Amino acid sequence: MSSIPLPPEDRALSPYTGWTRAHWEAVADGLLMAALRHSGPEHALISLPGPRPSFSGTRSDALEGFARTFLLAAFRVAGAGGDDPHGFLQRYAEGLAAGTRTPTTDRDLTRRDPVSWLAIGDRNQPMVEAASIALALRLTRPWLWDRLDEQVRERTRAWLTDALHHTPVDNNWWLFPFTVGGFLADIGADQDGAAQAAVERGLTKIEQWYLGNGWYTDGRPRAFDHYNGWAFHLYPVLHAHLDGDTHLLDVYGPRLATHLDGCARTFGADGSPMHQGRSLTYRFATTAPLWAGALTGHTPLTPGATRRIASGVLRHFVDRGALDADGLLTLGWHGPHLPLVQEYSGPASPYWASKGFLGLLLPPDHPAWTAVEEPAPVERADAVVPLPQPGWLIQSTAADGIVRLHNHGSDDQPADRVQPDNPLYARLAHSTATGPVLDGTPDNHVGVLVEGELSERGRIRPLGAGDGWAASVHAPRMRGAELPGVTVTSVVLAAGAEEVHAHLVTGAEPGIELRHSGWAAAGATIEESTDALSARVVATTSDGTRLLSSMENVHGFTEAGTHPLPSGTAYGTVGAVPALGGRTSGGDSLFVGTVRLSGAGTGTGADLQPHAALHVHVEGTRIRVRRSDDSELEALLAPEAVTVTVRTAG
């Protein structure tokens, strides 16, 4: 539970979450006051406690503490029309004055000049933090920037300007000098045109990664994750909004609205965002694009649905231990979970979550705050929705509120080489109720075993996504190299909570083992059961919620079992993964199995009975699935090709 004092719930206005704008303000204030207790001399650096520093060093981490909490303070104060009863902005004004006095390249706080910020350089972390500082200054300009001494303004301009003349990482980082340029142009500090050039350059750069229908890939050929919402869409629309640039808003606003049409479907009824991709420790930053849509009017969601999803996310994490006893955000998910955290993250990194408070810029009388909450997409009806650009199939069930993301298109592989699989991208599926296994037998994975070693997916080539299906092909990799001549063509057919997965293995010698694993069920306790052709795991959380993960053979698999999770997942300390296994017959070998993830808890209508709603028939490499409404999906698999036909009932 929260260590922050909260106002009473309002179930009349917010029947789903009980939370209102007052709760958002209380959480913002609590987060800021907890963080500011760790301010250093003259408030220039905020060094938060944590299990380890980032790879950028302690001084960079402390700058991050200043910048990311400053952005939260900016949303809080600007949203209150400049009202600042806690005196947040005065502390950040003092920090600006001290931090910009003598920018340094010394990353160690223990050495000389322990106050000044790191200078901005090529591809270094201060460039990232400069964007948060610039945006915060832009939002609070009447109450902070315009009141600073001219010397402080000049030093701050000089420090920020370095972001315009250094090279960012070739991905969403181009939006950091873009954001700095937007602020400098706004205050008239663009005599040489470098600020406006950074704005235009940033938009040009991200255009090469726009694939249509609201989806960007993050620099790499197929890297899709939450950076779509909290970076690629957020920065351009917010800049256009603040600049009053209707032309830019006409371009980027509709893109945001289209993105939200799919993105809004990825939040679970319990408030969990989709557990996929890097930087998950940013948690409720996932709500930023929802609020950006409401702020600019570019959203398919009603005001009541926007707040219901966003408040659900904030409450999800506050209620589940994301804050420690001192009110600080931890490195992890529900609580501390270092295996989930990338090396670039330090103790202050979770405060990127500040972006989730963008909604405070909406005035208290805005419909997003005054409308009665309406159900989120996951709560309205069962749905299976394709997102062809990332190669995803979104499958949600209203009874248990779980959303599943079937991944046949995102691998986060660089263009010039193939790296080891990243569990946060390479899995066959992700969900709002499970996390990937980060050590041990991988969950949601298909691979061949050679001398006891399981192959990786490597680069994933999407074959399409449509009504109830998504498909891809990959060349299995072992020890950094493809298995010569071997491919695995995969398709998922989904309806309700049911999944049918088919894999056609081509080019493998006879007798090679194929393993397909299912969902990683983790909690406080688990129960496991298996027979020759099916496996089942039920995890129970500390609050009594149960989660079922099960698999059953349809064709080709000859054995089933469960594998323990040595370190659990972000969702629980103990758990297990069900898996099916079979052997190739030479030539083309087809394997088909059913998979189910479902939940049950107090007040839900979900049931834990597996595999009851679909009828599956296999003939050669053709799979027919009859759904509960008597409509039919038919998938014909061939090497590196899948053809799917949908037949409606009657």
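Analyst: Welcome! A helix here is a DSSP run of H or I with at least four residues, and helices are numbered from the N terminus. The structure above is a predicted model.

User: How many cavities of 30 Å³ or more does a search of the whole structure find, and how much space lies in the largest cavity?

Analyst: Searching the whole structure turns up two cavities of 30 Å³ or more. The space inside the largest cavity comes to about 140 Å³.

User: Which helix gives the largest share of the lining of the largest cavity?

Analyst: There are 17 residues lining the largest cavity, and those closest to its centre are Trp215, Asp225, His226, Cys263 and Thr266. Two elements give two or more residues to this lining: helix 8 (227-243) and helix 9 (246-263). The largest share is three residues, and these come from helix 8.

User: How many of the residues lining the largest cavity are charged?

Analyst: Let's sort that lining by class. It has nine nonpolar and seven polar residues. The number of charged residues in the lining of the largest cavity is one.

User: Which elements give two or more residues to the lining of the second largest cavity?

Analyst: The second largest cavity holds about 80 Å³ of space. You can find it in the structure through its lining: Ala134, Leu135, Arg138, Phe178, Thr179, Gly182, Phe183, Tyr235, Leu238, His239 and Leu242. The elements that give two or more of these residues are helix 4, helix 6 (175-186) and helix 8.

User: How many nonpolar residues are in the lining of the second largest cavity?

Analyst: In this lining, three residues are polar and one is charged. The nonpolar residues of the second largest cavity's lining number seven.

User: Which residues are closest to the centre of the second largest pocket?

Analyst: The second largest pocket contains about 880 Å³ of space. It is lined by 41 residues, and the closest to its centre are Phe55, Val169, Asn171, Arg278 and Tyr344.

User: Which helix gives the most to the lining of the second largest pocket?

Analyst: By class, that lining has 16 nonpolar, 13 polar and twelve charged residues. Helix 2 and helix 4 each supply at least two of the lining residues. With three residues, the helix that gives the most is helix 4.

User: Are helix 2 and helix 4 roughly parallel or roughly antiparallel?

Analyst: Helix 2 (residues 58-79) packs against helix 4 (residues 125-139) with axes 8 Å apart and an angle of about 20 degrees. Angles under 35 degrees count as roughly parallel. Therefore helix 2 and helix 4 are roughly parallel.

User: How many charged residues are in the contact of helix 2 with helix 4?

Analyst: Helix 2 brings residues including Leu63, Phe66, Phe70 and Leu71, and helix 4 brings residues including Val128, Ile133, Leu135 and Leu139. By class, 15 residues of this contact are nonpolar and three are polar. The number of charged residues in the contact is three.

User: Is helix 8 oblique or roughly parallel to helix 10?

Analyst: The axes of helix 8 and helix 10 lie 9 Å apart, and the two helices pack at an angle of about 25 degrees. That angle makes helix 8, relative to helix 10, roughly parallel.

User: Is the crossing of helix 8 and helix 10 left-handed or right-handed, and how many charged residues are in their contact?

Analyst: The crossing of helix 8 and helix 10 is left-handed. Helix 8 makes the contact with Gly229, Trp230, Leu234, Val237, Leu238 and His241, while helix 10 uses Ala288, Pro289, Ala292, Leu295 and Thr296. These divide into eight nonpolar and three polar residues, and the count of charged ones is no residues.

User: Is helix 9 roughly parallel or oblique to helix 10?

Analyst: The axes of helix 9 and helix 10 (residues 288-296) come within 10 Å, crossing at roughly 130 degrees. That makes the arrangement of helix 9 and helix 10 oblique.

User: How many nonpolar residues are in the contact of helix 9 with helix 10?

Analyst: Helix 9 and helix 10 have a left-handed crossing. Leu249, Leu256 and Leu260 of helix 9 meet Pro289, Leu290, Ala292, Gly293 and Thr296 of helix 10. Two of the contact residues are polar and no residue is charged, while the nonpolar residues number six.

Note on methods
Residues are numbered from 1 along each chain as its sequence is written. This is a predicted model: local features need pLDDT of at least 70, side-chain atom pairs count only at pLDDT 80 or more; totals for chains, interfaces and linings use all residues. Side-chain values use heavy atoms; hydrogens and water are left out. Axes are lines fitted to C-alpha atoms, for helices over the stretch in contact, and angles run from 0 to 180 degrees between N-to-C directions. Angles under 35 degrees count as roughly parallel, over 145 as roughly antiparallel, 65 to 115 as roughly perpendicular and the rest as oblique. Contact means heavy atoms within 4.5 Å. Ala, Val, Leu, Ile, Met, Phe, Trp, Tyr, Cys and Pro count as nonpolar, Asp, Glu, Lys and Arg as charged, and the others, Gly among them, as polar. On a 1 Å grid over the protein atoms alone, a cavity is a set of points where a 1.4 Å probe fits but cannot get out, and a pocket is an open set with protein on both sides within 12 Å along at least five of seven lines; lining residues have an atom within 4 Å of a point. Grid points are joined across faces, edges and corners, and a volume is the space filled by probe spheres set on the points. A crossing is left-handed if the near helix is turned anticlockwise from the far one by less than a right angle, and right-handed if clockwise.
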